[in-house]
Each structure stands twice: as C-alpha cells, then as structure tokens.
Amino acid sequence: MIPYGKHHVDEEDIKSVIKVLKSDNLTQGPLIDAFEKEISKYVGAKYSVALTSCTAGLHLAAIVSKINKGKVLLTSPITFVATANSSLYCNGETIFADIDSSTINISIDSIKKIISQKKIHAIAPVHFGGLPCNMKKIKEIADEVGAIIYEDAAHAFGASFPDGSKVGSCKYSDMTIFSFHPVKSIATGEGGVVTTNDKYLYERLLRLRNHGIEKNQDDFQSKNNSITNGINNPWYYEMQELGYHYRITDIQCALGLSQLKKIDKFIMKRRELAKKYDLAFENLKNCEPIQKNMRDFSSNHLYILRINFKKLSKTRASLMEELKNVGIMTQVHYIPVILHPYFQKKGYKDDNFSNSYNYYNNALSIPLFYDLTDKEQSHVINQIKKLVG
Ligand SMILES: Cc1ncc(COP(=O)(O)O)c(C=O)c1O
C-alpha cells in the first residue's frame with residue numbers, strides 16, 4: 001500500500017535517538033534547548049518553544065494572545081479542528097472566513113468583510129498544504145484593528161514567503177506554530193513548536209508548557225518562601241499561573257535535531273514530486289491540481305487534486321476504494337470545521353462558505369512523501385489517469 005503521507009527515518013535518526021536512550025536524560029535534558037535554538041536559526045525567529053504537539057502550541061498561543069470569554073478568533077474552515085479549538089479551550093469564540101478558491105487559504109476579501117462587521121481579537125491564518133498565506137495583507141488588516149496573529153503552520157515547516165523570509169520568522173505575526181507529526185515536513189513522533197520574536201510571549205509560553213511553574217529566582221513572586229536567611233532555597237520553584245504539561249522530551253528532540261539536518265533535501269524532493277504530478281495531470285478532463293502556482297514557496301505538504309466527480313459520474317468514496325484496490329491510499333483534507341456535529345450543535349451556520357464547500361466536495365489528497373519512489377509515483381499517475389482521466 002502506498003500511503004498518502006509518511007515520515008522518513010534513517011540510520012542517523014535512529015542512532016541519535018539511541019544515544020539519548022543510553023544517556024542520563026530521557027526527558028528534560030539538553031536537547032530541548034538545542035532543538036529550539038536550531039529551529040529559531042532555521043526559520044529566523046528569536047525564540048522557539050518546543051511542545052508535545054502543534055495543538056498544544058495553538059492552545060498556548062491562544063492563552064498568551066489573551067483570548068477569553070467574549071474574544072473572537074478568526075480562521076479558515078478548511079483546516080484541522082485544532083486551529084478552531086485553540087480559542088474554544090480559552091472560552092473564546094471562533095468564527096470562520098471563507099477560503100480563496102485558488103490558494104485554498106483564508107480569503108483576504110472575506111477577512112476584510114468580517115472585520116468590518118465584527119470585533120476580531122485574533123486571526124489564525126492556516127498555511128494550507130504548506131502554501132503560505134498572503135501574510136503581508138493579513139498583517140495590514142490585523143494592524144488596522146489591533147488584532148493579534150498566530151499562524152497555523154502545521155503544514156508549512158520549510159515554506160517561505162515571496163520576500164524570501166521563512167514561515168516561522170514571525171515577520172508578519174506574533175507567533176507561528178508548527179507540527180512535527182510524522183506526515184509533516186520533519187518528525188519528532190508527536191511534537192510541535194511555537195516561534196516568536198517577543199520575549200514576553202516566549203517566557204510565558206515556557207512557563208505555561210510546564211504547569212505555569214517559574215524556576216528562575218529573579219522572577220519569583222514570593223521572596224519570603226524563596227529565601228532563608230538571605231540565601232536562595234535550592235529546592236524552590238513556584239506556580240504562578242495555571243499551566244499545562246506540554247513538555248516535549250529529549251528523545252523526541254534528538255529525532256527532531258537529526259531530521260532538521262535533512263530539511264532542505266526533504267523540501268526539494270517534495271517540490272520535485274509535486275511538479276512531476278503537475279506535469280502529468282496538466283491536461284486531464286475531469287481533474288486539476290490545486291496550488292500549482294506556488295510550488296517553489298510551499299513546503300508541499302499535501303498534493304491535492306480537484307476532481308469533478310459529477311462529470312466523472314463517480315463518487316469520491318468509490319474512487320477512493322478503486323485506488324485502494326490498486327494499492328493507493330488517499331485522504332480528504334479537510335471536512336470544513338463547521339460541518340462537525342460539535343460545531344453544528346453550537347449553532348454555526350453553513351452559509352457564506354461556498355468556496356470552502358466547493359473545494360471540499362471535489363478534493364482528494366494523493367500520495368506525497370519523501371520516500372515515494374519513481375515507480376510508485378508512476379503507478380499513482382497511471383492509475384489517476386485511468387480512473388479519473
Ligand atoms: C492545519 C493543522 N493544524 C494543527 C494540527 C495539529 O497538529 P498536531 O497533531 O501536531 O497537534 C494539524 C494536524 O494535522 C493540522 O493539519
């Protein structure tokens with residue numbers, strides 16, 4: 001079976017992890033800091049906070065953005081539910097703007113329209129499939145109304161903006177959050193990171209990932225409890241706010257550091273594979289690739305075909321089954337968040353999202369990952385040509 005996405009783990013990765021397993025620190029050793037420094041260097045941000053997942057990062061980003069009851073987060077319905085949930089975890093509200101049909105990213109016009117009608121506290125643009133949103137425009141709009149921006153870059157580690165800066169540099173945002181789940185650009189098992197250039201946000205994120213505990217004696221709030229006869233109590237730490245256990249481990253960071261060394265070749269290979277698909281599917285009657293124009297900027301996390309199932313006289317489910325029968329796994333990214341029963345029960349209305357629904361009804365993600373061989377890719381191409389045409 002050819003999966004739609006898969007990690008690449010080599011001997012170097014395995015050796016790096018084994019080294020940690022033989023060391024004194026499995027969890028909170030030196031590799032977390034080392035991984036964070038390398039991430040910051042790679043994306044060009046001042047600070048990074050590595051966490052158990054991108055979801056954890058989105059949650060903490062919502063907290064430090066001061067989302068709470070009555071505050072509204074604006075995002076795209078074509079995303080994984082985690083983006084929308086980040087605000088809900090903080091008792092905030094999440095509302096959605098329709099997507100742009102060609103990029104599948106949040107539509108600038110739709111953001112403008114919503115912002116003119118409703119007070120938005122924060123915007124979470126999603127770099128869908130690894131294709132960077134027009135952050136320059138989004139920042140201009142956000143600045144006009146004083147909204148915070150945290151970028152959901154779960155798909156976009158290794159992607160760049162047209163000005164050459166990297167997604168994660170936070171040139172146009174307050175924070176950027178990546179995922180290192182195995183199908184993403186690099187893997188730590190589960191894992192994620194928040195990058196920022198803001199020292200205050202950085203220090204709060206660090207504290208919140210560890211139960212809200214402060215260990216730096218200069219920042220202790222209770223001098224009475226932290227000092228005995230003028231000398232610092234060596235065991236002392238203090239919980240200063242309600243935090244979480246979102247700590248990543250040294251084992252994961254060893255894998256992340258080793259994977260990070262290969263990021264350029266990972267991105268290049270994905271780009272090559274995507275361009276090969278683009279060429280192969282150029283003149284098909286019933287389908288076309290999406291996001292074709294931004295291959296050189298995108299991390300090309302997903303390869304998605306827009307298929308005219310009506311014209312094809314076939315359902316998506318039956319096509320998926322036919323492809324599965326010839327060894328090809330496919331997936332749909334994503335069910336519009338508002339369609340999930342949880343959101344429906346909350347009273348989300350289905351209107352105003354025609355681009356999102358049109359996209360969703362016709363989308364199919366086909367295999368794209370570093371280890372996809374020429375032979376496997378040719379098989380996928382031939383089968384798509386045969387079954388979709
Ligand atoms: C757009 C998007 N945001 C957030 C997440 C959550 O990432 P994680 O699984 O690392 O929590 C995902 C996961 O696939 C995603 O696709």
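Tutor: Happy to! This is a predicted model. Let's begin with K66, which is partly exposed, at a relative accessible area of 48%.

Student: Okay, and where is K66 found?

Tutor: K66 sits in the loop that runs between α3 (54-64) and β2 (72-75). Its phi is positive, near 65°, and K66 is a residue other than glycine.

Student: What about H211, what is its phi?

Tutor: H211 is not a glycine, yet its phi is positive, about 65°. You'll find H211 in the loop between α7 and β8.

Student: Which residues does the cis peptide bond join?

Tutor: That bond joins H333 and Y334, with omega at about -5°. Y334 belongs to the loop between α12 (316-325) and α13 (341-345).

Student: Since you mention α12, which of its residues are buried?

Tutor: R316, L319 and L323 are the buried ones in α12. Around the axis they cover an arc of only 60°, so they sit on the same side of α12.

Student: Why would spaced-out residues point the same way?

Tutor: An α-helix has 3.6 residues a turn, so residues three or four places apart point the same way.

Student: Nice. Which residues are exposed on the other side of α12?

Tutor: A317 and N325 are exposed there. As for the buried residues of α12, their cover includes β13 (303-307), α11 (309-312), α14 (354-362), β14 (363-366) and α15 (374-387).

Student: And what follows α12?

Tutor: G327 follows α12, and its phi is positive, near 85°.

Student: New topic: α2. How far apart are its end C-alpha atoms?

Tutor: They are 18 Å apart. At 1.5 Å a residue, the 13 residues of α2 should span 18 Å, so the two values agree.

Student: Which residues of α2 are buried?

Tutor: The buried residues are I32, F35, E36, I39, S40, Y42 and V43. Looking down the axis of α2, they fall within an arc of 165°, so they line one face of the helix.

Student: Last thing, pockets. What volume does the largest pocket have?

Tutor: The largest pocket has a volume of about 500 Å³. Its lining is made up of 19 residues, and L206, R207, R209, I213 and E214 lie nearest its centre.

Student: Which elements give two or more residues to that lining?

Tutor: Those are α2 (31-43), α7 (199-209) and β8 (213-214). α7 gives the most, with seven residues.

Technical notes. Residues numbered from 1 in each chain as written. Predicted model: local features only at pLDDT ≥ 70, side-chain atom pairs only at ≥ 80, totals over all residues. Heavy atoms only, no water. 1 Å grid on protein atoms, 1.4 Å probe; cavity = no way out; pocket = protein on both sides within 12 Å on 5 of 7 lines; lining within 4 Å. Points joined across faces, edges and corners; volume = space filled by probe spheres on them. Helix = DSSP H or I, 4+ residues; strand = E, 2+ residues; numbered from the N terminus. Expected span 1.5 Å × (residues − 1). Buried < 20%, exposed > 50% of the residue type's maximum accessible area, 1.4 Å probe, protein only. Arc of directions from axis to C-beta. Contact = heavy atoms within 4.5 Å.
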